[in-house]
Amino acid sequence: MVWKKLKEELIIPGLEAKSSDDIFEALGGKLVKQGYCKESYVQALKDREAEFPTGINTGEKGVAIPHTDVSHVNKKGIAIATLKQPVEFVEMGTDDEYVNAQVIFMLAVDEKGHLELLQAILAVLQDQEVLKKLIKAKDAKEIIEIIKEKENI
């Protein structure tokens, strides 16, 4: 039940972004503003993404799971954005393969529960129908409902 603490104020449906930096500023900025992360978080995301890409090729709809070191995190949280238009992310584990990501799960993780959280996200990511529903969702409440519905299956 990692999704039970999803907060509407950490979700941006239909974000207009031209780059991963735009996403980091908007979504990471929410995590900082809401007290989940330190001021250093957004820059740390950018730095980590350059070294360890977070794009995941899930098929038709690509995803990215940006996160960074626990030293930039005050408390655990998940921020989610769906993008109006896909943004290119380098695929995890490569230097030159690209993913057109349209769903972003940004993590503020502490030492505990990291793997459980990633497993829960992967369950959502592997379902193209759920990803399509997320992208079409009109508001944060609908995004939360879609994810929780998937978890209860």
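Hi everyone, thanks for coming. One thing before I start: what you see above is a predicted model.

Let me begin with the salt bridges. How many salt bridges does the count come to? The count comes to six, and I'd like to walk you through a few of them.

Start with lysine 132. Its partner across the chain is glutamate 60, and the closest N and O atoms of that salt bridge are 3.4 Å apart. Glutamate 60, with a relative accessible area of 56%, is exposed.

Lysine 132 also forms a salt bridge with glutamate 129, and here the closest N and O atoms are 3.6 Å apart. Lysine 132 and glutamate 129 are three residues apart in helix α4, so about one helical turn separates them. Glutamate 129 has a relative accessible area of 49%, and therefore it is partly exposed. Through shared partners, the salt bridges join Glu60, Glu129 and Lys132 into one network.

The next one to look at is lysine 150, which forms a salt bridge with aspartate 127; the closest N and O atoms are 3.1 Å apart. Lysine 150 lies in helix α5 and aspartate 127 in the loop between α3 (114-125) and α4, so this pair ties together parts that are 23 residues apart in sequence.

Which residues make up the patch of negative charge? They are Glu8, Glu9, Asp139, Glu142 and Glu145. If you want to find aspartate 139 on screen, go to the loop between α4 (128-136) and α5 (140-151). Aspartate 139 is partly exposed, because its relative accessible area is 36%.

There is a patch of positive charge on the surface too, where Lys4, Lys5, Lys7, Lys75, Lys76, Lys112 and Lys148 gather. Take lysine 7 from that group: you'll find lysine 7 in the segment before β1 (11-15). With a relative accessible area of 33%, lysine 7 is partly exposed.

Here is another lysine to click on. Lysine 46 sits in helix α2 (residues 41-51). Why does lysine 46 count as buried? Its relative accessibility is 19%, and buried means under 20%.

Let me finish with the rings. Searching the whole structure turns up one aromatic pair. Phenylalanine 24 and phenylalanine 89 form this pair, which is edge-to-face, with 6.3 Å centre to centre and 70° between the planes. Here too, distant parts of the chain are linked: phenylalanine 24 is in helix α1 (residues 20-33) and phenylalanine 89 in strand β4 (residues 77-90), 65 residues apart. Both phenylalanine 24 and phenylalanine 89 are buried.

That's my tour, and I'm happy to take questions.

Note on methods
Residues are numbered from 1 along each chain as its sequence is written. This is a predicted model: local features need pLDDT of at least 70, side-chain atom pairs count only at pLDDT 80 or more; totals for chains, interfaces and linings use all residues. Side-chain values use heavy atoms; hydrogens and water are left out. Patches are made of residues with over 30% relative accessible area and no salt bridge: like charges are joined within 9 Å, nonpolar side chains (Val, Leu, Ile, Met, Phe, Trp, Tyr) within 5 Å. Accessible areas come from the Shrake-Rupley method with a 1.4 Å probe; for residues, only the protein chains shown count as cover. A salt bridge is a side-chain nitrogen of Lys or Arg within 4 Å of a carboxyl oxygen of Asp or Glu. Lys and Arg count as positive and Asp and Glu as negative; His and the chain ends are not counted. The place of a charge is taken as NZ of Lys, CZ of Arg, CG of Asp or CD of Glu. Helices (H or I, at least four residues) and strands (E, at least two) are DSSP runs, numbered from the N terminus. Buried means under 20% relative accessible area, exposed over 50%, partly exposed in between (1.4 Å probe, protein chains only). Rings of Phe, Tyr and Trp (its six-membered ring) pair if their centres lie within 6.5 Å; planes under 30 degrees apart count as stacked, over 60 as edge-to-face and the rest as tilted.
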